[in-house]
Structure formats: C-alpha cells, structure tokens
Amino acid sequence: MAKKAAKRIVNKPVAKKPAAKKVASGKVAPAKGAAHSTQHAVEQFLYRQAEVLDAKRWQEYIDLFTADGVYWMPADPADKHWDGIPSIFAEDRNLMTVRMKRVLHPDAWSQRPLWGTNHVVGNVIIEKESPNGDVTARSRFHMMELRRDNVRHFAGSYVHELKKTSGGYRIKQQRVDMTNAQAAFDYVLQVWV
Amino acid sequence: MLQESIPNVARLVEPDRVHKSVYTDEQLFNMEMERIHERVWIYCGHETQVKKPGDYYTVQIGRQPMIMVRGADGTVNVLYNRCPHRGSMICGDRSGNTGEFFRCSYHAWTFNHDGKLKNIPMMESGYKDTRWTRDNPDTNMKKAARVENYRGFVFASLAEDGPSLLEFLGPSKIAFDDICDRAPAGEVEVVPTCFRVIQNSNWKIFLENQLDALHPSVTHQSTGRAAREVEVEIEKKTGKIPLSYHMLSAFATVTIDKWDNFQTINYPYGHCILTGYMGLRPQDPDTLAYEKTLTRAYGEKRKEEILSTNIHHVLIYPGLSVQSPLQQLRAVRPLGVNKTLTEIWHFRLKGAPEPIYRRALAYYNLVNSPATLINADDLENFWKIQTGLGSDGGDWVSFARYYGRDIEKNGVVETGEGMGTSEAPMRNQMKAWAQFMAKA
C-alpha cells in the first residue's frame, strides 16, 4: 500500500520548469546578487542588532538608527508608509527613548518579572545597493519570548533601509511585518521585535 | 436540584463591596452572559465597517457568534452566524463581502442578507413532505431580536423585550453625540484597523479600571515620567511640546492628589462618565483652523457648546468604553471567566482638517496599539487581580473609597466636590450588575 502511494507520487507529472538561462560555457548562471562583502557586512549588522536587542542594551539599539530613523511595525501588510496611519509601532528616536526610559523605570510594573527574548535572523537578501553604499535588505526573523512561566513565539520579516556611514551601517527605516500581528494579541509587546 | 446550585446573587453584592466569586466563578459567568450580555444592548460596530451591500463583520455578543451585514436595501442586519440546517457557521472569516447572498460551505443552503432563506439544493425532491417548507421561518438564519443604530453606531439586543436603545443609554448617549458633533459634517467614519488585545482577566476588571481615577498616577507613572523627560528635551530643542507627548506625560504630571479634582457621573444601567483632564483644547494654529470649520458648520454658540463638553471616558455598561474627544473606543468581548478580548477602533471626524485626525491617531498608536506604552501595565494589574482573587486570602473586593459621600439626584450619582477618585463608578456598575442578574 505504502509502496503504491510512493509510486504514484513519483509518477506525478512534473511541472514544467522555466528554461534555465544558459551562459556561454553552458553552465547555469547564478542569480544576480550583491557582492559577498556587502552580503556579509549586512548579515553581521542584522545579527548584531538582534544580539543588542536580546541583551537589552536599549541605548545601543536606539543608536543603530540614524537621527531621522524610524522603527515601524505596520498594522496591515499592505501599508506602504508609516506616516499618518495606524501602526503597531511607528517610532522615531524620541519615542524609542520614551519606551526605553519606561522599561528602565523601577516602577514599570509589567517589566519587573523575569523576561527575556531570543531572536534568530536569517534568509538575508540584499534587495538594492546604491552606489553610495546604502542598502535595502530583506530578512526573516523568529523570536521566542519568555515572560514568567509563559513562552510566546513571534515570526515575520524585516526590511532594513541601511545608510552607510563611516561608523558602519545605520538604520534609516526598519519595517517589521510580524505574521502574528494579524491575530489578536494575547497580552502586548513592550519593546521592539 | 438545579435550583439549589444557582448562586444567590443578592448575597454577592453589598453597597461598598463585592464577593470575589463574581470574578472567578464559571457558573456566574454563564449567568452573566445569559442575563446581561445576551439580553441588553451590545455594541456591534460602526455602520462604516460595512459600507457596501454584502459587506459583513463578525462579532461576539455574549457567547453568540453573530454577523453584522449590510443588505442590498442599505439596512444593517445582525444575524446569528449559524446555518439552520446542521448548525455550521456561515462566515468563517472575521470580515469580508459575501456577495449577493450567504452560502453555507457545507450543503450550499443560501440566504439573503436579512437571513431569509433563498434556496436549498434539492428543495422540491429532498424535502418533500418534511418540515422544511419555504414558509417555515426556521429555514431562515435567525436574526438578533432587536437592532438599533444611533448616529452610525450599531447595537443589538438578543432579547425581544427591554428598554429601547436610547432609553438604555440615557445620558450616556453623549459619547456618540460628542464624537459626532465634533465633526463639522456631524458624523464619523471608522478607520478600518481594529487592534485586538486579549486580557487574562474577567471582563468587569477592565470596566472598573476605566473610571478608576486613582490608578493612572500609580500604574502609569513609568511612562508618564519617561515621556515628561523626553518632552522637556524636545521643548529645549524646538520650543514646542508635541500634543502626543502631553497625552503620555499627563499620567505623571497629574499627580495622585490632583485626580480628586475630576468628577464621575454615574447613571442607571451601570453607565458612567469621567470628566476630562488632558486639556485637549490647545490654541495652536491647527486647533484654531478646526474651530473655524466648526463655527461655519454650527455657528459660534453651538461650537462653544460642543468644544466645552468635558469628557475623558464614557463607559457604556456592560462592554463599551468610548473616549469621544480622542475619537476612539474599546469594545469588550468576554471570552471566559478569566479571558476578555478588547476590540479597539478609532474614527475620522468627517469634515475636520487632517491634524485633528493625527491627534486621535497618536493616542490610538501610543496608548491603544498592541505595543501600548500605557495598557501593558494595566493588563499586568488585571492578571494579578484575577489571580489574587482566586486565593482564599480574603473573600471581598472593596469599593469603599468615598462611600457614603456621593450625591444622588433622580437616580444619577455624582461624586462630591474634590472626590474624583471615588469608587462610585464601581459601586454603580455592581448595582446594575445585581439588578440584571436578579432577573431570571
């Protein structure tokens, strides 16, 4: 029975593959991608940002943004720009500072319990690289949060608009499309994801 | 036997205290759903959530899954989300457009937007000589017993009898008058984003918090102080304080003693009002431009009346908290004795300039979003209350602050001068609760 089923799967008609682009040598050309050095630098930046966040080094996290940088989690994946529409987060450095100061305040009751996060960032794709070195990068994240005895999982995608500066990349805008955001939130988010 | 197991609700509510089981007992929760939520007027949604014929939005009334749907004739109907055939829900999605009719995904029974049966496949052959004839009303999707729309806000009651919506709301209808009158065109339009946040606590704990004027400076001082520090920096740099920071810093600058200067007004059926404290009538160019549009629409005298309406919250028992000057509301949907969903919406004032919307938007994003700088600490408190009430460390919840010093006139209870932090709203809510629960 199992054998038969397996055979049927093998015999399924195979969808026609798009014709592979041939190069002169006859080999399949690799997808056009960013230079390895850019790919590497952006990946390192994203990993470090995740590490700073999980380590609760809030000021360092805020300093990863440019002076006019914005952290944005849209309410609707179809939204194009944060300004003037409802968002889950739409924070410039000033608002991020309010959030940081709140979290650090000794009487932020909901921040008192044991609480920690672990971000894993991957699937990093360089979407665009400008001649001046600015980069737009897409990636995926998975985050596990522990708060008291409760575990929550969050996942989604990032789009980073990175500005190249003498001190490395800085974030002009980070867009966070969190898949969970389309469902009701059981409790809320207290810091950036 | 059954009779004996029904809790004696009269013993659970005293004028200044309530028994803990009111928040923790499953059986009482089911009684509440039956005698309160599935009987009184419950807010379903705003009519602009369903603009076109066939547009629908699902909503929970008590334990009942319901559908609010716009019919071809423009009427907004509220139906039970249940096929009369085998009981399947008709709409599985939260919202959408159903086209010209509803169609059950199980056996393709179809219904008009008012719930009336359109067609049953094989009606003539399969249902010959059975009870399922076209004139049998049981073949229709059941409608909510009563539906009323006040200024675009749609309510339903699942009981045939009872006061009309306006009788029920009484003076608390000011919530809708205030929000609509602030629009030069006299009406509002919903912004189609609904933030949904689950609280791990009984539905009444949220309602009691809404008009608890003592809690903000305790619960929210961290955010209030953080916002104050940053707004001072912003003022140094730009010479101006954005109103959005003021909305947050007010939690710290209005100190615990100042909250007594406000007032609560408590009405029959459990509704209550907390007067305003944020001073949301600044004299900046945007506000002045908006005031001009209001003067053009209503004349000077009426404009003054509208803008001097001084409200922070209107609580419409048992499940709606409206902040009319900030153009938003929170609808409460009990999911269980210790689980409650809030659906949070905000509105545009038709005919008002964009900056006035931006003001509401700032509050919606900062206070009411799922990344709220404010409610995170409330929800933490609610969970602690719910868990604490499960303990045998005590049997009663006290609402005694300024008890005996309320001023009662014609069934309306006002807190005395300088007693704004009175627990009168909680006493009023529980009085209504006991009245509702006493009626089998």
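Predicted model: local features only at pLDDT ≥ 70, side-chain atom pairs only at ≥ 80, totals over all residues.
I started at Y402(B), which sits in the loop between β21 (396-398) and β22 (407-409) of chain B. I looked up its phi and found a value near 60°, which is positive in a residue other than glycine.

The mean pLDDT of chain B is 94, and 98% of the residues score at least 70. For the model I wrote down ipTM 0.94 and pTM 0.91.

**Overall build of chain B**

I listed the secondary structure of chain B and got 15 helices and 23 strands. Along the principal axes, the C-alpha atoms of chain B fill a box of roughly 80 × 55 × 40 Å. I compared the radius of gyration with the globule rule: a compact globule of 440 residues would come near 22 Å, and the 23 Å of chain B agrees with that.

I looked up burial next, and 46% of the 440 residues in chain B are buried. For contacts in chain B with a separation of 6 or more, 65% join residues 24 or more positions apart.

**Backbone entries**

I looked up M122(B), whose phi is also positive, near 60°, in a residue other than glycine. M122(B) belongs to the loop between β10 (117-119) and α4 (123-126) of chain B. Is M122(B) buried or exposed? I counted 10 C-beta neighbours inside 10 Å, and the limit for exposed is 12 or fewer, so M122(B) counts as exposed.

I also checked omega and recorded a cis peptide bond from Y317(B) to P318(B), with omega near 5°. P318(B) is in the loop between β17 (313-316) and β18 (320-323) of chain B.

**The end of chain B**

I went to K439(B), in the segment after α15 (424-438) of chain B. K439(B) has 8 other C-beta atoms within 10 Å and is therefore exposed. I took the C-alpha distance from K439(B) to E417(B), 22 residues apart along the chain, and got 35 Å.

**Contact with chain A**

I turned to the interface, where 31 residues of chain B are in contact with 27 residues of chain A. On the side of chain B that touches chain A, two or more residues each come from β14 (195-199), α9, α13 (354-368) and α14 (375-389). Which element gives the most to this side? I found that α9(B) does, with nine residues. Sorted by class, this side of chain B has 16 nonpolar, nine polar and six charged residues.

Helix α4 (residues 93-104) of chain A packs with helix α9 (residues 221-238) of chain B at an angle of about 145°, the axes being 8 Å apart. The crossing of α4(A) past α9(B) is right-handed. From α4(A), I listed N94(A), T97(A), V98(A), K101(A) and R102(A) as making the contact. From α9(B), the list is S222(B), T223(B), A226(B), A227(B), E229(B), V230(B) and I234(B). I classed the residues of this contact as five nonpolar, four polar and three charged.

Key
Residues numbered from 1 in each chain as written. Chains lettered and ligands numbered in written order. Helix = DSSP H or I, 4+ residues; strand = E, 2+ residues; numbered from the N terminus. Rg over C-alpha atoms; globule rule 2.2 N^0.38 Å. Buried ≥ 20, exposed ≤ 12 C-beta atoms within 10 Å, placed from the backbone. Contact = placed C-beta atoms within 7 Å. pLDDT = per-residue confidence, 0-100. Axes fitted to C-alpha atoms, helices over the stretch in contact; angles between N-to-C directions. Left-handed = near helix turned anticlockwise from the far one by under 90°. Nonpolar A, V, L, I, M, F, W, Y, C, P; charged D, E, K, R; others polar.
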